Amino acid sequence: MDQFSLKGQTAVLTGAARGLGLAFAQILGEAGANIAVLDVIQPEEALYKIGTDHNVKVSYQKVDVTNRQAVNQAIETIEKEFGAIHINVNAAGVVTDEPFLTTSDSNIERTFGVNFTGSFLVAQACANSMVRRRKQMDSVPPIGHDTSIGNIVFIGSIATHISTTVQNISCYAASKAAVRGLVKPLAMELAQYGIRVNSLSPGYMMTDMMRGLQVKQPELVSQFEKETLFKRIGYPDELKGAMLFLCSRASGWYTGQDLLVDGGASSWKHPASFAA
Ligand SMILES: NC(=O)c1ccc[n+]([C@@H]2O[C@H](COP(=O)([O-])OP(=O)(O)OC[C@H]3O[C@@H](n4cnc5c(N)ncnc54)[C@H](O)[C@@H]3O)[C@@H](O)[C@H]2O)c1
């Protein structure tokens with residue numbers, strides 16, 4: 001049996017209308033999972049193409065993840081339409097570059113609202129759905145195999161492992177540290193129901209956001225490139241192995257961990273000056 005197959009499973013992804021979230025939806029869809037997306041913007045056409053390319057079900061609901069009632073309603077709808085929820089990936093996120101000394105209340109509220117509270121609320125609703133399903137199961141898979149019935153993956157960031165001199169994002173880094181802070185206690189609380197909880201922390205990745213930065217602040221992107229050991233930005237499909245590992249039977253003995261995939265950017269002491 002293919003340890004990485006997600007055939008017949010349903011994955012709830014937030015922030016998958018574009019960017020890394022969309023790449024994660026493509027990865028999970030290719031592995032056979034049905035895809036249910038919550039986002040505040042209309043998805044790119046590529047999201048629906050997952051359905052035709054891989055013969056899986058794809059749905060999108062316009063939901064602000066900071067709104068508990070909207071989140072709970074959306075998860076209820078997914079449960080009815082798809083039958084069950086097996087995977088939850090929380091990729092919705094925002095970042096604002098603002099020096100710590102002048103960080104605004106609105107930045108703190110929005111960044112923690114989307115990155116932390118949003119991830120918390122969606123994971124909570126998905127976990128409750130998984131627990132209900134587990135309680136209805138007559139038996140669990142025999143010991144000696146992966147006995148998990150659900151997987152929750154939070155999206156952290158390299159920013160919680162190392163700071164860069166070219167961005168002032170203390171609020172973002174702290175919000176992602178709060179997200180990572182959920183991983184161990186949730187892994188502990190939810191293991192009894194067969195739910196595994198981990199986070200994936202990407203390094204600097206080539207998304208539309210990064211392409212925009214290349215135009216507006218090329219020096220910033222060039223700094224990111226210099227900070228990685230391969231001197232380049234990573235591509236979303238380079239997170240494929242990590243995401244598939246976390247969501248599949250391949251990681252049956254893995255829970256409560258943060259998986260950092262950053263091209264080595266946090267593995268060395270960057271030279272004090274990158275001046276050419
Ligand atoms: N791109 C990178 O280099 C990088 C590196 C480390 C971590 N990350 C993290 O990966 C995730 C995806 O990043 P990205 O670069 O693809 O960003 P992105 O801006 O392209 O995508 C973020 C998505 O989240 C959605 N979103 C924002 N607020 C929302 C809300 N209130 N409710 C529902 N959806 C909402 C957006 O509409 C968008 O589709 C984020 O959590 C980000 O912090 C990105």
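Reader: How far is an oxygen atom of the ligand from an N or O atom in the side chain of Asp39?

Author: A polar contact is a pair of N or O atoms within 3.5 Å. In this predicted model, the distance from the Asp39 side chain to the ligand oxygen is 2.6 Å. Side-chain atom pairs count only at pLDDT 80 or more, local features need pLDDT of at least 70, and totals for chains, interfaces and linings use all residues. Residues are numbered from 1 along each chain as its sequence is written, and side-chain values use heavy atoms, with hydrogens and water left out.

Reader: Which residues lie 2.9 Å and 3.0 Å from a nitrogen atom of the ligand?

Author: Asp64 has a polar side-chain atom 2.9 Å from a ligand nitrogen. For Val65, a backbone N or O atom is 3.0 Å from a nitrogen atom of the ligand. Of the ligand's own 830 Å² of accessible area, the protein covers 92% (Shrake-Rupley method, 1.4 Å probe).

Reader: Which residues come nearest the ligand?

Author: A residue counts as near if one of its heavy atoms lies within 4 Å. There are 27 residues around the ligand, and Arg18, Leu20, Asp39, Tyr172 and Lys176 come nearest.

Reader: Where is empty space left?

Author: Rolling a probe the size of a water molecule over the atoms shows it. A pocket is an open set of points on a 1 Å grid over the protein atoms alone, where a 1.4 Å probe fits, with protein on both sides within 12 Å along at least five of seven lines; lining residues have an atom within 4 Å of a point. Here the ligand takes the space of the largest pocket (more than half of its atoms lie within 2 Å of the grid points). Its lining has 50 residues, with Gly93, Val94, Val95, Tyr172 and Met209 nearest the centre.

How values were computed:
Polar contact = N/O pair within 3.5 Å; in protein donor to acceptor, adjacent residues only side chain to side chain.
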